Structures are given as C-alpha cells and as structure tokens.
Amino acid sequence: MRRVASLVLVGLGIFSLALGAVLRFYVYPELAVVPLDQKTESVAEGAAKVFYPKELVVKDARLTATRKVESNLTVPEAKVDGDVMVWDQGLVVTDSENQLVSALKHRVCLDRRTNMALQQCTQQYVTDAEGDPTAADKAVRQEGLNYKFPFDTQPQDYEYFDTTLRKATTARYEGTDEVGGLEVYKFVQKIPSTKFRDQEVPGSLVNSTEASVKAERRYQNTRTMWVEPVSGIIVKGSEQQRQALFGPDGKEGTVLLDATLTFNEKTVKESVERASEARDKLTLISSTGPIVLLSVGLVLLLAGILLGVLGRRARHVA
C-alpha cells in the first residue's frame with residue numbers, strides 16, 4: 001500500500017512541477033501578446049497659449065486632446081495568429097470653444113509582444129495634413145515603442161516614437177511611483193527645441209518687415225509616462241509642449257503653442273482598471289501559478305520519495 005501511495009505522490013509531484021514549468025515557459029509567452037481587437041480612447045486636458053492663424057493672435061485657451069487608437073485588421077500584415085498588429089491613431093486637439101487647434105493621423109505596425117515598430121510593414125504613415133497621406137508621410141521611418149510599453153517592462157531607458165518629430169528619442173526611467181493605488185514606473189522623454197519643418201509665414205510673425213519669409217518651426221516637449229510594468233500599459237501621461245516660429249535671423253518669433261496637457265481623471269481611472277486586470281492575469285500565469293505548482297510539486301515529490309524509502313525499510317526489517 002505504501003508503495004502505491006509513494007508512486008501516486010511522486011507522479012503528482014512530477015505533474016505539478018511540469019505544469020508549473022509549462023505555465024511559465026510556454027503558456028505565459030503565448031498569452032503575453034496584445035490582442036488584435038484593440039480599441040482605446042484617452043483624453044488629456046490643460047491650459048495653454050495658442051496661436052490662432054485666422055486672427056494672427058496668441059490667446060489663452062483650455063485645450064482637450066482626444067486620442068483614439070484602434071486595431072486595423074484590413075492591412076495584410078495583421079494576421080489572426082501572427083506576431084504583428086497594426087494600430088491606427090487619430091489625435092484631435094480642440095479648445096473650449098470647440099475650435100480645432102491641431103489634428104494628426106498615425107498608422108504603425110508593431111510587434112505584439114514588444115510593442116516596437118516594425119519597418120517591413122506596408123501602408124504606414126504619420127500625417128497632420130488634410131486629405132490622404134503624402135509620399136513623405138509614408139516614408140517616415142517608424143521606430144521605437146508606440147502607445148504602450150512591453151510586457152514585463154524593465155527599470156531602464158527605452159526609445160519612444162514622437163509623432164511630431166517623426167522619430168524615436170529616449171524615454172528615461174526615473175523610478176517608481178503610484179497612480180490610483182497601482183505601483184508604476186515613471187519614464188520621462190525630454191525633447192529639446194528642435195526644428196521639424198520650414199514654412200512660409202507673414203514676416204510680422206518673426207519680427208521681420210518682409211511681407212512673407214521662410215521660418216523654422218521648432219518643437220520641444222517633456223513627456224512623462226507612468227507605466228504599469230507587468231502589462232506595459234501607460235496609466236497616466238502628461239506633456240509640456242512648446243512650438244514656436246524662428247525667423248531667418250535665428251531669433252524666436254511667435255509662440256504657436258505653449259501647453260501642459262495631462263490625462264483627465266476618467267482616462268486615468270479606466271487605464272488603472274485595465275492595467276490592474278491585465279497585471280493580475282499575467283502575474284497568475286507568469287509567477288503566482290508556477291510558484292505554487294512548483295512548491296506543491298516539490299513537496300509531493302519529496303513526500304513520495306520519503307514514503308517509498310520508509311516502505312522499503314519496513315519490508316527489509318520484516
């Protein structure tokens with residue numbers, strides 16, 4: 001009887017150990033992928049100084065930036081069982097009078113596990129112009145992280161794509177924080193004043209007596225992102241953004257935008273809930289489940305071996 005019990009315990013122990021290993025090293029990598037049916041909306045709000053081109057004046061304003069991100073399943077690379085997802089983003093910024101301040105469209109192909117942009121995809125673009133994307137919009141080199149951090153985000157620096165510069169720059173890890181009771185990693189992406197285009201403007205906007213001049217449009221931003229590390233979801237975001245015109249003399253002229261925009265309470269609350277749910281599921285599969293199964297399996301295995309040894313000793317004495 002002891003021999004049968006010993007074999008059963010050993011068998012259960014081996015099964016538990018194997019199941020724990022399978023959960024951690026097979027099931028977790030298979031499940032730690034972004035679903036293809038993504039559809040999220042975030043709203044950031046804040047005070048700003050805004051240049052209104054029709055009136056040629058800068059005014060104080062209250063801005064609302066609404067960002068909608070949705071999976072695109074029509075692009076060839078977005079296969080149900082594949083490793084690639086395609087996200088379409090629409091960003092619209094309006095003031096309290098519902099006047100349009102800016103708009104942007106972005107399509108990007110991403111790795112479903114790392115959330116890094118993929119270069120080999122077709123139909124990608126970034127555009128802030130009306131109408132269809134131009135050849136230049138489609139030629140933008142997509143790179144870095146976009147809209148989300150990887151699963152199991154590490155306390156390190158990451159390259160994050162900026163749609164205004166149309167390139168990735170470093171988002172530096174600056175420690176842990178707490179948002180809505182959730183432990184998060186804080187990342188800060190500082191973009192110094194950088195030219196991103198030339199444009200013809202009235203000379204008066206850059207302190208010139210000429211009727212029209214070619215001016216540089218420069219942009220700077222401090223983007224702060226609070227990230228739940230297990231899921232990689234950004235639960236809170238804030239930007240301190242500034243755009244200005246610089247004349248042929250290299251001096252700053254009219255400030256086009258000077259704003260600080262932060263996720264509103266509703267967006268933060270929904271993001272925290274989504275990240276908490278994802279974290280709990282991933283933690284169960286990646287650590288809690290395997291640790292429990294491995295611990296139980298080891299106890300059962302040792303108990304079975306010990307029972308078998310004692311059984312043999314008892315038979316030997318008899």
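Start by selecting Asp152: this residue is partly exposed, with a relative accessible area of 46% (buried is under 20%, exposed over 50%, partly exposed in between, using a 1.4 Å probe and protein chains only). You'll find Asp152 in the loop between helix H2 (135–138) and strand S6 (158–162). Helices (H or I, at least four residues) and strands (E, at least two) are DSSP runs, numbered from the N terminus. Check the backbone while you're there: phi of Asp152 is near 55°, a positive value in a residue other than glycine. Most residues other than glycine have a negative phi.

A quick word on what's on screen: this is a predicted model, where local features need pLDDT of at least 70, side-chain atom pairs count only at pLDDT 80 or more, and totals for chains, interfaces and linings use all residues. Residues are numbered from 1 along each chain as its sequence is written, and side-chain values use heavy atoms, with hydrogens and water left out.

Next, jump to Asn207. Buried or exposed? Asn207 counts as exposed, at 63% relative accessibility. Its loop runs between strand S8 (182–202) and strand S9 (212–227), and Asn207 has a positive phi too, about 60°, although it is not a glycine.

Now zoom out and colour by secondary structure. The chain has 3 helices and 11 strands, in the order α-β-β-β-β-β-α-β-β-β-β-β-β-α along the sequence.

Switch to the whole chain for the last stop. Of its 318 residues, 44% count as buried. Among contacts (heavy atoms within 4.5 Å) between residues at least 6 apart in sequence, 59% join residues at least 24 apart.
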